[in-house]
Amino acid sequence: MKNKNYIFLVGLLYAIGPAHASLSFNLNNVNGSVTGQYLAGFNAAADFWVSQFTDDVVVNIDIQVASLQAGILGQASSSMGRVSYANARQSLAGDIGSASDAAAVASLQAGGHFDFMLNRTSDNPNGSGSATPYVDENDSTNNSTVSMTRANAKALGLLAGDHSGRDAAITLSSNFSWDFSTIDGIVSGAFDFVAVAIHEIGHALGFISSVDVLDGNSPPHNGPFSGDDFANAGFGAVTTLDLFRYSDDSCAVNGGVPDWSADSRDKFFSIDRCASFMGQFGEGRNFGDGQQASHWKDGLGLGLLDPTLAPGELGTVSGLDILALDVIGWDVRTVPSPSVIYPLAFGFGFLVWGKSRRLG
Ligand SMILES: [Zn+2]
């Protein structure tokens with residue numbers, strides 16, 4: 001009798017269950033600081049990403065509005081995990097949902113290890129901590145480990161989509177005047193709250209480079225550490241997005257390998273192993289261009305995941321932003337075109353000349 005009831009209930013749940021997989025966000029207002037239009041702004045940002053991706057994933061984000069360091073509009077702290085390169089590649093291959101995904105997977109180095117270029121490590125053959133890049137091809141831990149945000153792991157099926165742990169904590173600054181409505185553009189002198197929240201959630205979804213970890217943990221700031229140290233807990237192995245980060249130099253070796261160096265040489269996003277470059281990345285606060293490597297290069301209009309936003313500027317997500325998240329494991333609702341600008345809301349945006357502020 002019990003069994004029969006159980007089966008009936010299962011059938012009933014199935015019948016009324018959701019018909020389509022969908023992305024959702026669980027925004028946890030940790031200290032009650034996010035109310036009114038701030039909360040509406042965070043929800044609008046989450047809704048934007050829901051409108052883009054179809055993954056059956058719940059992303060858990062602690063949200064806050066608080067005073068941040070001068071010049072910082074917002075920051076995201078993402079919970080990271082590590083998986084073997086073999087598992088990451090297999091998951092990416094199993095998650096192909098667009099031509100871009102197929103190209104990206106085909107561009108990855110075969111086998112359980114990948115070669116890549118880096119610098120500033122204690123085991124740099126050019127000298128401990130040397131800025132001269134080298135190719136790490138010794139198949140050790142950092143050649144077989146990939147770091148990714150928990151949300152990225154959920155999108156790839158490497159972590160249960162409904163896992164309840166915290167995926168990220170996002171804080172937007174209370175030190176600026178914000179415009180919460182994009183419908184009439186952004187008021188002169190104010191910043192686009194929804195755009196900044198979308199930007200920070202983009203990091204949580206996996207738009208992140210651990211070159212920033214190397215950049216902050218190399219002499220004279222810290223270290224030097226061995227290449228494999230960066231693949232250990234508490235540091236950061238090459239991220240999913242970093243697998244598509246190249247330079248002219250790194251494209252010239254071993255058929256093209258990722259460039260994970262912290263320096264000011266140009267780094268590019270490529271999903272076809274150097275056959276074409278689709279956008280340029282930031283290079284690092286200390287040793288690069290002064291901006292985090294976890295962004296597009298500043299000032300080129302590549303997308304909302306660039307490092308700065310000016311007052312009065314209406315933030316717009318680009319096809320390139322979407323494409324980057326597409327190839328690291330998110331399932332796009334509409335196949336992105338790198339040249340398309342996605343309006344965040346209907347209406348006219350305008351730019352006002354002003355000093356850009358740094359996004360986290
Ligand atoms: Zn950022």
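In this predicted model, residues 24 or more positions apart account for 70% of those contacts in the protein chain that have a separation of 6 or more.

One part of the chain to follow in detail begins with strand β7, which covers residues 145–149 and is mostly covered, with five of its five residues buried. Its side chains can be sorted by direction: T145, S147 and T149 point one way from β7, V146 and M148 point the other way, and all of them are buried. The strand β4, formed by residues 80–84, runs antiparallel to β7 and is joined to β7 by five bridges. Within this pairing, V83 stands opposite V146 of β7.

From there the reader can turn to helix α3, residues 85–94, where Y85, A88, R89, S91 and L92 are buried. Seen down the axis of α3, these buried residues fall within an arc of 160 degrees, and they therefore line one face of the helix. What do the buried residues of α3 pack against? They pack against β4, against β7 and against helix α4, which spans residues 99–107.

Technical notes:
Residues numbered from 1 in each chain as written. Predicted model: local features only at pLDDT ≥ 70, side-chain atom pairs only at ≥ 80, totals over all residues. Buried ≥ 20, exposed ≤ 12 C-beta atoms within 10 Å, placed from the backbone. Helix = DSSP H or I, 4+ residues; strand = E, 2+ residues; numbered from the N terminus. Pairing = 2+ DSSP bridges. Arc of directions from axis to C-beta. Contact = placed C-beta atoms within 7 Å.
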